[in-house]
Amino acid sequence: KKHLRTAVKRNIVKRLARESFRALQPELQAMDIVLLTKHLLTQDWPSLDSKKIRQELDDVLKKLTKPL
């Protein structure tokens, strides 16, 4: 089931995810990363802007940079 129903919204999130990944790629270990959107993202979409989404993605990826 698609939580982000329009292609425009999905593409925005994909583009922001790629930007976050590229910025932190040197710090990340070799791993596969799967990005799943939550239903909350779709409910709050009108109040979200690119900066908020990017910050959330950066926070998640920074957690992955810590040693296991």
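Is Asp58 buried or exposed, and what is its relative accessible area? Asp58 is buried, because its relative accessible area is 13%, and buried means under 20% relative accessible area, exposed over 50%, and partly exposed in between, with a 1.4 Å probe and protein chains only.

The structure is a predicted model, in which local features need pLDDT of at least 70 and side-chain atom pairs count only at pLDDT 80 or more, whereas totals for chains, interfaces and linings use all residues. Residues are numbered from 1 along each chain as its sequence is written, and side-chain values use heavy atoms, with hydrogens and water left out.

The chain contains 3 helices and 0 strands, and its pattern along the sequence is α-α-α. Helices (H or I, at least four residues) and strands (E, at least two) are DSSP runs, numbered from the N terminus. Of the 68 residues in the chain, 19% count as buried. Among contacts in the chain with a separation of 6 or more, 79% are accounted for by residues 24 or more positions apart; contact means heavy atoms within 4.5 Å.

Asp58 itself belongs to helix H3, which covers residues 50–65. When residues up to four places away in sequence are not counted, Asp58 touches Ser20 and Leu24. Ser20 is located in helix H1, residues 7–24. Ser20 counts as buried because its relative accessibility is 0%. With the sequence neighbours up to four places away again left out, Ser20 touches Arg54, Leu57, Asp58 and Leu61.

Asp49 lies in the loop between helix H2 (39–43) and H3. Asp49 counts as partly exposed because its relative accessible area is 38%. The side chain of Asp49 reaches the backbone nitrogen of Lys52 at 3.0 Å.

The text now turns to a pocket. The second largest pocket has a volume of about 150 Å³. On a 1 Å grid over the protein atoms alone, a pocket is an open set of points with protein on both sides within 12 Å along at least five of seven lines, and lining residues have an atom within 4 Å of a point. A volume is the space filled by probe spheres set on the points. This pocket is lined by 10 residues, of which Leu4, Arg10, Leu35, Leu36 and Thr37 lie nearest its centre.

Definitions and conventions. 1 Å grid on protein atoms, 1.4 Å probe; cavity = no way out; pocket = protein on both sides within 12 Å on 5 of 7 lines; lining within 4 Å. Polar contact = N/O pair within 3.5 Å; in protein donor to acceptor, adjacent residues only side chain to side chain.
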